[in-house]
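Welcome, and thanks for taking a look at this one with us. Please open the structure below and keep it in view as you read.

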Amino acid sequence: MSNKSPRFYALLSIAAALVTIALKVGAYLLTGSVGLLSDAAESCVNLVAASVAFWAVSYAAKPPDEKHAYGHFKAEYFSSGVEGALILVAAITIALAAWNRLLHPQELEELGIGLALSLLASIINGVVAFVLLRAGKRLRSITLKADAHHLLTDVWTSVGVIIALITVPLTGWLILDPLIAFVVAINIVWAGVKLLRETGAGILDTGLPEEEQQIIKNILTTYYSQTIQFHALRTRVAGARRFVSFHVLVPGEWTVKRGHALCEEIELSIIKALPGTYVFTHLEALEDPISWNDEKLDRTVNN
C-alpha cells in the first residue's frame, strides 16, 4: 500500500471506527460495563476525528492558488485540533458516567461475549493504527500520525477495560469498573492535550526538528568558505511540507548567473536530503555592510 494517498488511509480509519463502535456498543449492551461504555465513547470520537481527517488531507492536497501561494498544507492542523478537543469532551463524558456508576455499582453480565467483542475491536484498532503510523511517517502527514496515536491510545484503553472485566468477577469488587473508567478518562485527557499542543506548534510555525536543521547545516558547511557564507536561516513546518529560507553571501564581483547557479545547487541538495521541502534563498554581496544587518538571525555554520 506504499502508493496509496492519505485519503485512502483516512477512509481506512473511518471504516475501522465504524466496526469498532458496533463491537464495543454490543459489548456494553451485553455486559452493562461502564468501562466498555467509555471505550465505545472513545471510538465515537475516533469516527468523528477520522471524518475530519479525511476532509483535512483532501483539502491539504489541493495545489497552491493565488490566495494560498504556500499551499493548503496547514489544513491538517484543523484535524488534529478538532480531534484533541473531541477527546477532551469524551473524557468528561466518561468521567461523569464513571462517577454515576461509582455511586450506584452494578453487576456485570455476559462477560465472556463482552470480552471477546472488546478484544476483537482492540485487534482491529491496533492493526489500523500500525498501518496509519507507517503511512503518516512515510507521507509526513501529521493528520495520519495523530489518528494513529489516538487509535493506539484506544487500544491501551481497551486493554484496561478488559483487565477490569476479568478482575471484577474474580474479586467481586464492582468499584473496579468505574475506577478503570476514570483511569481511561485521564489517559484520554493526556492524549487530547498532547494533540492540542502539537496543533498549536504547527499553527505557530514552529521550526524544523533539530536533527533536520542539522542536516541543512551540514549541507551548508560543504559550501562554506572565505568567499561563500550563509546566515538568516529560518525554517517552519506546515503539515507535510517543510519551508526553509536563508541568505547566501558571495563576492559582489560574481555574475548573477553564477550566484543563481550556486543557489540552485544548494537548494536541490537540501530537497534531495529532505524531500517535500520548499527552499528559498536570498543572494547578497559578501562585502556589502547592508548584507550583514540581519546577522543576528544567523543559526547556521557562520556564527
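This is a predicted model: local features need pLDDT of at least 70, side-chain atom pairs count only at pLDDT 80 or more; totals for chains, interfaces and linings use all residues.

The protein chain has eight helices and three strands, arranged along the sequence as α-α-α-α-α-α-α-β-β-α-β.

**The chain as a whole**
- Of the 303 residues in the protein chain, 47% count as buried.
- Taking contacts between residues at least 6 apart in sequence, 75% join residues at least 24 apart.
- The protein chain exposes about 15,200 Å², and carbon and sulfur atoms supply 66% of that area.

**Helix H8 (residues 256-273)**
- With 18 residues at 1.5 Å a residue, H8 should span 26 Å, and this agrees with its end C-alpha atoms, which are 26 Å apart.
- Gly259, Leu262, Cys263, Ile266, Glu267 and Ile270 are the buried residues of H8. They lie on the same side of H8, because they cover an arc of only 130° around the axis.
- An α-helix has 3.6 residues a turn, so residues three or four places apart point the same way.
- Lys257, Leu268 and Lys272 are exposed on the other side of H8.
- The cover over the buried residues of H8 includes helix H7 (210-223) and strands S1 (229-238), S2 and S3 (277-285).

**Arginine 242 in strand S2**
- Arginine 242 sits in strand S2 (residues 241-250).
- Its relative accessibility is 6%, so arginine 242 counts as buried.
- A polar atom of the arginine 242 side chain lies 2.6 Å from the backbone oxygen of proline 275.
- Leaving aside neighbours within four places in sequence, arginine 242 has contacts that include Arg140, Glu212, Arg236 and Tyr278.

Definitions and conventions
Residues are numbered from 1 along each chain as its sequence is written. Side-chain values use heavy atoms; hydrogens and water are left out. Helices (H or I, at least four residues) and strands (E, at least two) are DSSP runs, numbered from the N terminus. Buried means under 20% relative accessible area, exposed over 50%, partly exposed in between (1.4 Å probe, protein chains only). A polar contact is a pair of N or O atoms within 3.5 Å; within protein, one must be able to donate a hydrogen and the other to accept it, and residues adjacent in sequence count only if both atoms are side-chain atoms. Contact means heavy atoms within 4.5 Å. The expected span of a helix is 1.5 Å times one less than its number of residues. The arc is that of the directions from the helix axis to the C-beta atoms. Accessible areas come from the Shrake-Rupley method with a 1.4 Å probe; for residues, only the protein chains shown count as cover.
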